[in-house]
Amino acid sequence: MTTPSTTSQATLRLHGRSFHWAGRFLPAYQLQSGAQLYHVCRQVDDIADNATTIAERLRARQMLCLLQQRLASRSPGEPYLLMVLEDQSTDTPIEYTQALPLSPIDRDFVATLETDICSLFSPGSRAYHAMQDLITTMTVDLSRLHLTSESALLHYAYGAAGTVGVMMCNLLDAKQPDRALAFAIDLGIAMQMTNIARDVLEDAHDGRLYLPAAWMSGDVTADQIAAGDDQARQQAWQAIQQLLALAEHYYVSGWQGLAYLPARARLAIGVALRIYRDIGRRIHRLNATQYWGHRVVVPSLAKAYQSILALPALVPAKSPVHDETLHHSLGRTLAFYDGASSHGAI
């Protein structure tokens, strides 16, 4: 019999191999909770990623809006939603109410939120706010996206993965969560930057380009990269190097923040950090031809080596001080967390 726990573990093993490897170092109860959280976040991401046609994207918008409402209300009964669309010709919001029949996958997702994860969130908590931000960011992903600036990149990276850092912070029983939170957000941002650096070609085929336009001369588009335009790919390759250099600052901060976690969680997240960071370092060692020719992965033997290199995480730094310049452009976005309670959040 398939249970939510086995389903979550299977999702983590299939789609989050680095995290599945690192999860071996966690206590069983934290691994189970982390796998459930990953399962939910992965499904939110897949709703956006798997929508390719206009009709699919409309339905995905509806589903994400529904999930935000269900997260807010957790009310029983058949769901319906109030969608707000933008009329591109007039920029006027169009509101309409539409019953939304759910597929078996959708029903499973809603049930998972209500029974396994959503009950752990309390409205107004940090985890609740972070999940809402994650869903909103995935809604943005439904359009042909090209980020314009470094600030836009940081906002996207926070929404896509810094939010997961917020949710994981309390799930892993972080000490002094008010201090730990900024470091957890930074680690999520760093990992998302690695994802972006690794998947530029794959994202370009989906009409998305997360490398900031301000980092590239000329009007480089996702279509040009997908089509193999040499000049566009050279500009993108230079921007990838800049992205990897920026990610390093956030990895350094994330590593410092491990000090606020219990020992086993400190080691597990340290392992995940080292493995993800190694993806970026492997990309950095490639030339452009090699990069565009294959997707970088970290083989099992290298993961074992990175796990050994993570052992110093067991000796935490004393009360690390967060580098506030890392959040300079995120001030208003992160302001909620300054006054919010961490109680009730996972």
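Modeller: It is a predicted model, and the mean pLDDT of the chain is 82. Of its residues, 78% reach 70 or more.

Colleague: Which elements have the lowest and the highest mean pLDDT?

Modeller: Strand S1, residues 80–87, is lowest with a mean of 33. Helix H11, residues 230–257, is highest with 97.

Colleague: And over which residues does pLDDT stay under 50?

Modeller: Residues 75–99. The model has 48 contacts beyond four places in sequence for that stretch. Where pLDDT is low, the predicted coordinates should not be read in detail.

Colleague: OK. What does the secondary structure come to?

Modeller: The chain has 15 helices and two strands. It is 346 residues in all, and 52% of them count as buried.

Colleague: What share of the contacts with a separation of 6 or more comes from residues 24 or more positions apart?

Modeller: That share is 74%. As for the surface, the accessible area of the chain is about 16200 Å², and carbon and sulfur atoms hold 56% of that.

Colleague: Let's do helix packing. At what angle do H8 and H12 cross?

Modeller: Roughly 35 degrees, with the axes coming within 10 Å. H8 is residues 177–198 and H12 is residues 263–284. The crossing is left-handed.

Colleague: Which residues make the contact?

Modeller: From H8, they are Leu187, Met191, Thr194, Asn195, Ala197 and Arg198. H12 supplies Ile269, Ala272, Leu273, Tyr276, Ile279, Gly280 and Ile283. Sorted by class, that contact has nine nonpolar residues, three polar and one charged.

Colleague: Take Ile283, then. Is Ile283 buried or exposed?

Modeller: Ile283 has a relative accessible area of 0%, so it counts as buried. This residue is in helix H12.

Colleague: What is Ile283 in contact with, leaving aside neighbours within four places in sequence?

Modeller: Ala197, Arg198, Trp237, Ile240, Leu244, Tyr291 and Val296. The C-alpha atoms of Ile283 and Arg198 are 7.4 Å apart, although 85 residues separate the two along the chain.

Colleague: What about phi of Ser319?

Modeller: Ser319 also has a positive phi, near 45 degrees. Its place is the loop between helix H14 (300–309) and helix H15 (331–339). Ser319 is partly exposed too, with 46% relative accessibility.

Colleague: One more loop. Where is Ala213?

Modeller: Ala213 is in the loop that runs between helix H9 (200–205) and helix H10 (222–227). At 29% relative accessibility, Ala213 is partly exposed, because that class lies between under 20% for buried and over 50% for exposed.

Colleague: What is Ala213 in contact with, beyond its neighbours within four places in sequence?

Modeller: His146, Leu147 and Thr148. As for Gln235, its C-alpha is 9.9 Å from that of Ala213, and the two residues are 22 apart in sequence.

Terms used
Residues are numbered from 1 along each chain as its sequence is written. This is a predicted model: local features need pLDDT of at least 70, side-chain atom pairs count only at pLDDT 80 or more; totals for chains, interfaces and linings use all residues. Side-chain values use heavy atoms; hydrogens and water are left out. Axes are lines fitted to C-alpha atoms, for helices over the stretch in contact, and angles run from 0 to 180 degrees between N-to-C directions. Helices (H or I, at least four residues) and strands (E, at least two) are DSSP runs, numbered from the N terminus. A crossing is left-handed if the near helix is turned anticlockwise from the far one by less than a right angle, and right-handed if clockwise. Contact means heavy atoms within 4.5 Å. Ala, Val, Leu, Ile, Met, Phe, Trp, Tyr, Cys and Pro count as nonpolar, Asp, Glu, Lys and Arg as charged, and the others, Gly among them, as polar. pLDDT is the predictor's confidence in each residue, from 0 to 100. Buried means under 20% relative accessible area, exposed over 50%, partly exposed in between (1.4 Å probe, protein chains only). Accessible areas come from the Shrake-Rupley method with a 1.4 Å probe; for residues, only the protein chains shown count as cover.
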